[in-house]
Amino acid sequence: QGKEKWDFILVSDIHEMGSEKEIKRKKFLDELSKKGFTIKKIEDEKLFYGVRAPEHIFQKYQWLLRNPDSRSQNPDIHHDIPVTTRWQSVTNPLHSALLPEKLQDLEKKKVFETSFPLHEKEEVREFLKEKWARWRGVFHQQPIEKIRCYLGEKVALYFAWLGWYTCLLGIAAVPGLLVFVTGITIFSSSQVSKEICEANDTIMCPLCDQKCPFWLLSDTCTYAKVTHMIDNAGTVLFAMFMAIWATVFLELWKRKRAAVVTDWDLYRWDEEEEELALQLINDLQHEPQQYQHSYFRSTIVLLLVLLMIAVLIGIAHALVIYRVVATAFFSQSALELLREQANTLAVITGAVLHYVTIVIMTKVNRQVAHFLCDLEKPRTFSQRENNFIIKIFTFQFFTHFSSLIYIAFFLGRINGHPGNYVRIAGKWRLEECHPSGCITDLFIQMAVIMVLKQTISNVMEYLVPWIKHKARKKWQRPKKRNPILGEEEEVEDPCKRQWQRNYELNTVNVFSLLDEYLEMVIQYSFTTIFVAAFPLAPLLAFFNNVFEIHMDAIKMMRLHRRMVPRKANDIGIWLQVLEAIGILAVIGNGLVIAITSDFIPVQVYKYTYSPCMAGNSTGVDCSTGYINHSLSVFRIQDFESHTRVPEMLPGFGRHQIKEYRDYRNADDYSYTVQFWHIFAARLAFLILFEHVALCVKLIAAWYIPDVPQAVKNKFLRKKHNNLHKKMRWVMPRGMP
């Protein structure tokens with residue numbers, strides 16, 4: 001009996017005899033028995049029911065589909081029946097409409113607490129536990145074939161994709177690190193930074209209305225050096241490189257996926273045909289559910305999605321208001337350090353608050369996405385899965401990136417100018433960019449979010465299941481009963497301990513794997529869309545993923561119940577999501593360089609207004625004078641009435657003209673000709689960059705075939721052999 005194999009375990013509370021739940025449970029199990037299922041009951045603090053499907057189900061399945069799984073995935077399991085074939089054949093009857101009620105409905109009504117396949121002590125599992133699901137195996141190659149044998153193709157493809165993504169991230173991390181190191185080497189040599197550090201006589205306007213003093217531009221020397229460490233010509237080249245990298249990564253993944261699923265004999269597998277086959281095996285009278293589309297329902301769902309996006313953008317606005325109020329609060333602090341670093345502190349605390357909103361809204365987004373999927377009433381599980389993916393990714397994208405989009409493209413551009421600031425509630429003025437540019441704010445925001453997500457989130461992702469598992473083991477394992485003197489101790493059923501141990505593991509559901517994909521796809525968005533502002537993103541993502549692979553492995557093999565193995569021949573709609581992110585990356589990086597970065601204004605100055613254009617300035621750096629050129633002057637008498645004019649700095653006259661970062665005329669504060677030159681150059685660069693990057697992406701996609709020639713030739717040979725065999729049967733005897 002210790003060698004008995006059970007396909008599924010159903011767990012139920014011990015209900016009162018004659019209760020509605022007890023009657024429903026009995027009807028369900030009786031109907032399964034009539035269909036030929038073997039059922040074994042073990043009573044403990046809970047009721048455990050082992051369910052084993054009859055062999056004729058699998059014979060029908062393999063005959064009906066002429067199943068491509070001609071090779072065994074796991075020869076030790078049930079007469080060479082592949083793992084996904086067996087469990088998909090079992091789960092379909094359990095959720096069949098022919099039964100009194102579907103299993104999932106009974107679980108919602110608490111008739112059954114849960115159901116799960118068993119982690120069994122078999123050779124493949126022991127290999128995966130010892131060689132793969134351990135931290136010491138971090139740098140070892142993944143045993144994809146064995147993962148497929150035990151967890152099914154869908155999970156195996158996830159790990160194959162994650163491994164491939166991590167490998168190519170290592171390639172992207174090298175130029176990213178070089179760009180960052182190069183930026184450090186020019187930390188003090190940038191002409192723009194030098195001018196800021198030497199601007200000891202340039203007085204800048206106060207950063208707030210009340211307690212903020214006038215200040216010297218040279219006070220921000222260190223901040224300027226950090227900015228120009230990030231904002232240099234190397235980031236432009238790296239952004240272009242990452243646009244190409246994203247395309248090459250996806251094209252190479254398509255090739256790898258084709259080779260992998262061809263080895264599994266699943267390249268031409270049809271999910272819809274498989275679903276129909278399983279339904280016919282379960283019920284010969286089954287009629288397929290027709291495709292339907294309701295424009296009314298789709299309109300309602302679309303409006304609700306737009307409403308949710310508006311809420312998420314509203315949260316981003318709330319974060320903006322926080323930064324504005326925090327800046328004002330820190331600027332009026334009694335501590336000199338807080339006053340001096342008010343803007344930086346507002347940025348850092350705002351980033352932490354943004355991370356907290358991400359954690360909270362992730363849970364809300366999931367519930368909303370499920371609710372919207374229920375409204376749509378999808379025809380099949382795979383359709384529901386795709387609908388859920390699109391919605392949850394859309395919500396998570398706006399949750400993560402709304403605040404970043406504001407910082408990148410709006411911060412410091414809609415705040416007005418001294419004497420006419422844009423204010424929130426007529427009181428707090430909007431934030432300004434630092435005189436050396438806004439890109440450092442974007443760098444700080446991305447760095448804080450990525451570091452927190454890859455430390456706190458990952459630690460919680462591992463620790464929470466580990467703690468839950470230990471707690472369940474402690475609370476749910478029954479105490480050993482001491483036999484009474486003279487009473488013979490009852491022999492324990494060997495299945496009981498195994499079922500109990502599996503029950504003590506953390507629960508999984510059909511969307512558990514989607515959560516892992518979602519985490520990685522959001523990371524991929526961070527790595528590509530704003531990489532021009534944060535060239536270290538690929539390096540951080542690479543190190544994170546090296547551990548993520550094995551953390552996921554440990555969770556699946558040691559801390560979580562066994563996922564129901566499912567068949568698949570690709571990563572599904574995630575591929576279209578990744579391709580969309582690739583296009584957004586081109587647009588995002590083009591906008592960061594054109595709008596957020598100072599790259600374009602510096603180039604316009606060099607080739608239009610710099611000393612080099614005078615023709616008699618040999619040996620002079622062409623960016624000399626750029627800082628003074630990018631500042632506008634402001635008269636003290638033009639301050640708004642409710643602004644408290646601070647005391648003048650020692651050594652400077654009371655009525656001396658003050659400066660601020662903008663291109664405006666001194667008399668009426670209208671935009672100068674230089675502003676429009678730079679605006680035109682930004683627009684021209686954006687159009688050129690995006691067209692060139694998209695053309696290169698298209699050329700790369702064309703140049704790298706989606707399917708390797710070896711795979712094409714293999715199918716060509718199969719077709720030829722099949723036709724050749726048919727011709728031998730058709731040709732009359734004696735003909736050559």
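Two rings of Phe, Tyr or Trp, the last by its six-membered ring, form a pair if their centres lie within 6.5 Å. Keep that rule in mind while walking through this predicted model.

By this rule there are 42 aromatic pairs. Take one of them, W245 with F249.

Ring pairs join W245 and F249 to W132, Y158, F159, W161, Y165, Y517, Y524 and W574 in a cluster.

Rings also meet charges here. The charge of R379 lies over the face of Y291, 4.1 Å from the ring centre. Likewise, R566 lies over the face of F381, at 5.2 Å from the ring centre.

Next, the backbone. Most residues other than glycine have a negative phi. Which residues have a positive phi near 60 degrees without being glycine? D265 is one of them, and Y669 is another, with a phi of about 60 degrees. Each sits in a loop. D265 is found between helix 10 (233-263) and helix 11 (271-282). Y669 is found between strand 12 (658-661) and helix 23 (673-703). Are these residues buried or exposed? D265 has a relative accessible area of 21%, so it is partly exposed. Y669 has a relative accessible area of 10%, which means it is buried. The cut-off for buried is under 20%.

Now for empty space. Rolling a probe the size of a water molecule over the atoms shows where such space is left. The second largest pocket holds about 1100 Å³. Its lining has 43 residues, and L207, C212, S331, R339 and E340 are the closest to its centre. Several elements give two or more residues to this lining: helix 9 (221-230), helix 12 (295-331), helix 13 (336-340), helix 14 (342-376), strand 10 (428-429) and strand 12. Which element gives the most? Helix 12 does, with 4 residues. By class, the lining of this pocket has 20 nonpolar, 11 polar and 12 charged residues.

How values were computed. Residues are numbered from 1 along each chain as its sequence is written. This is a predicted model: local features need pLDDT of at least 70, side-chain atom pairs count only at pLDDT 80 or more; totals for chains, interfaces and linings use all residues. Side-chain values use heavy atoms; hydrogens and water are left out. Buried means under 20% relative accessible area, exposed over 50%, partly exposed in between (1.4 Å probe, protein chains only). Rings of Phe, Tyr and Trp (its six-membered ring) pair if their centres lie within 6.5 Å; planes under 30 degrees apart count as stacked, over 60 as edge-to-face and the rest as tilted. A charge sits over a ring if NZ of Lys or CZ of Arg is within 6 Å of the ring centre and within 35 degrees of the ring normal. On a 1 Å grid over the protein atoms alone, a cavity is a set of points where a 1.4 Å probe fits but cannot get out, and a pocket is an open set with protein on both sides within 12 Å along at least five of seven lines; lining residues have an atom within 4 Å of a point. Grid points are joined across faces, edges and corners, and a volume is the space filled by probe spheres set on the points. Ala, Val, Leu, Ile, Met, Phe, Trp, Tyr, Cys and Pro count as nonpolar, Asp, Glu, Lys and Arg as charged, and the others, Gly among them, as polar.
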